[in-house]
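User: I'd like to learn how to read the inside of a protein model. Can you walk me through it?

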Amino acid sequence: MSQFITLLQRYHQQLELHYGGLLTQDIRRAITDMLHCKSDPTRYTQWHCGHCQHDQQLLTSCGNRSCPQCLHQTTSNWLAKQTDKLLPVHYFMVTFTLPYEFRILARKHPKTLYQLMFKVTSNLLKDFASREDKGSLGFTSVLHTHNRKRELHPHLHIIIPCGRYDAGKQQWHKGDNHYLFNAFSLAKVWRARMLDAINHAIELTLPNEIPKKWVVDCRKVGFGLSSLQYLSRYLYRGVLPDKDIINITDENVTFRYKEGKTDIIKTRELPVLKFLWLILQHVLPKGLQRVRDYGFLRGNAKQLRLKISLLLGVIVGKVYKQQKVMKHAVCICPFCQYEMHFLGVNRLRN
């Protein structure tokens, strides 16, 4: 069982007493799911091996995207699908960061605020691309809500292929491998549009202090695969892997993280309840999509991507082989190592 869930089972009553006012309905739902994940003896899945006739029962997973025990296959499937979309061009990663002063809005109204972040950044990038009149962009936006120390730090990572597709002329315009957009110009427009969007949102109120300079980072990231692998780590597995929790006592929890600027491994020690809240504050609202595809990278643009690949394939060819996507859960027989057949979910009644 996950160390985080073990702590949650032991301290969830104390957590409710100390942080009950901050626990939203979504966080409470995630806590309930995780407490029953692979530990409820009344719910189990039935498997049968057609090769050696072995039958096996497994406790059901909760399937919550904040659970560190679940959805590992979902993460692999997402990475496989995104890898299959990769074009044989250089890629850029643009990161839009929400200032510290807006974290209170992220705690109180996360769904509204994060929806605005997706909307503003996508329109902003499309407008910057339209000024150059070289065709439309394709990009993938991924929401991260934490920094390396796991504090609340909302930001969007956006992966963008270097190049544009002109639908009218059916041409691919090769981009500059060393330049996408001016980061300072992006930051100014990002600030102005985000403030305007928040000001027009009924639920949101601008903070008293608003920094004059906002941060946007725009950098080249090679051919894109390493960036997708980085982004996939925190999509469906919780924000802190068990392997990074290095010490647990009755009072404190110590975990390790890599400092961004120096890549030095550091540790952070927190009281147990504060540690649990540090992780739980990143539970996303129900129905909020953490990943969104735009332009020729959207899900229903497969034929368009094939056309672009053919245009590029005359010179370069496809970079990565198509990855296998698992469409259903897989259980391997412990005796003969053959794939077992799923028979259904059983629930015992009292």
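User: Which residues touch the most other members of the largest nonpolar core?

Analyst: The general idea is that in soluble globular proteins, nonpolar side chains tend to be buried together. Keep in mind that this is a predicted model. Here the largest nonpolar core has 42 residues, and Leu125, Trp190 and Met194 touch the most other members. Two or more residues each come from strand 3 (91–97), helix 4 (103–108), helix 5 (110–132), strand 4 (139–146), strand 5 (152–161) and helix 6 (183–200). Helix 5 gives the largest share, ten residues.

User: What does Leu125 touch, leaving out residues up to four places away in sequence?

Analyst: Leu125 contacts Phe96, Leu137, Phe139, Ile158, Ile160, Phe181 and Leu186. Apart from this core lies another, of 32 residues, with Leu15, Cys37, Phe255 and Leu278 among them.

User: Which residues lie nearest the centre of the largest cavity?

Analyst: Those are Ser66, Gly238, Val239, Leu240 and Ile279, out of 17 lining residues. Helix 8 (residues 272–280) gives the most to that lining, with three residues. By type, the lining splits into twelve nonpolar, three polar and two charged residues.

User: And what lines the second largest cavity?

Analyst: That one has a volume of about 50 Å³. Its lining is Gln82, Lys85, Leu86, Tyr91, Thr140, Ile159, Leu228 and Leu297, which divide into five nonpolar, two polar and one charged.

Definitions and conventions
Residues numbered from 1 in each chain as written. Predicted model: local features only at pLDDT ≥ 70, side-chain atom pairs only at ≥ 80, totals over all residues. Heavy atoms only, no water. Core = buried A, V, L, I, M, F, W, Y, C linked by side-chain atoms within 4.5 Å. Buried < 20%, exposed > 50% of the residue type's maximum accessible area, 1.4 Å probe, protein only. Helix = DSSP H or I, 4+ residues; strand = E, 2+ residues; numbered from the N terminus. Contact = heavy atoms within 4.5 Å. 1 Å grid on protein atoms, 1.4 Å probe; cavity = no way out; pocket = protein on both sides within 12 Å on 5 of 7 lines; lining within 4 Å. Nonpolar A, V, L, I, M, F, W, Y, C, P; charged D, E, K, R; others polar. Points joined across faces, edges and corners; volume = space filled by probe spheres on them.
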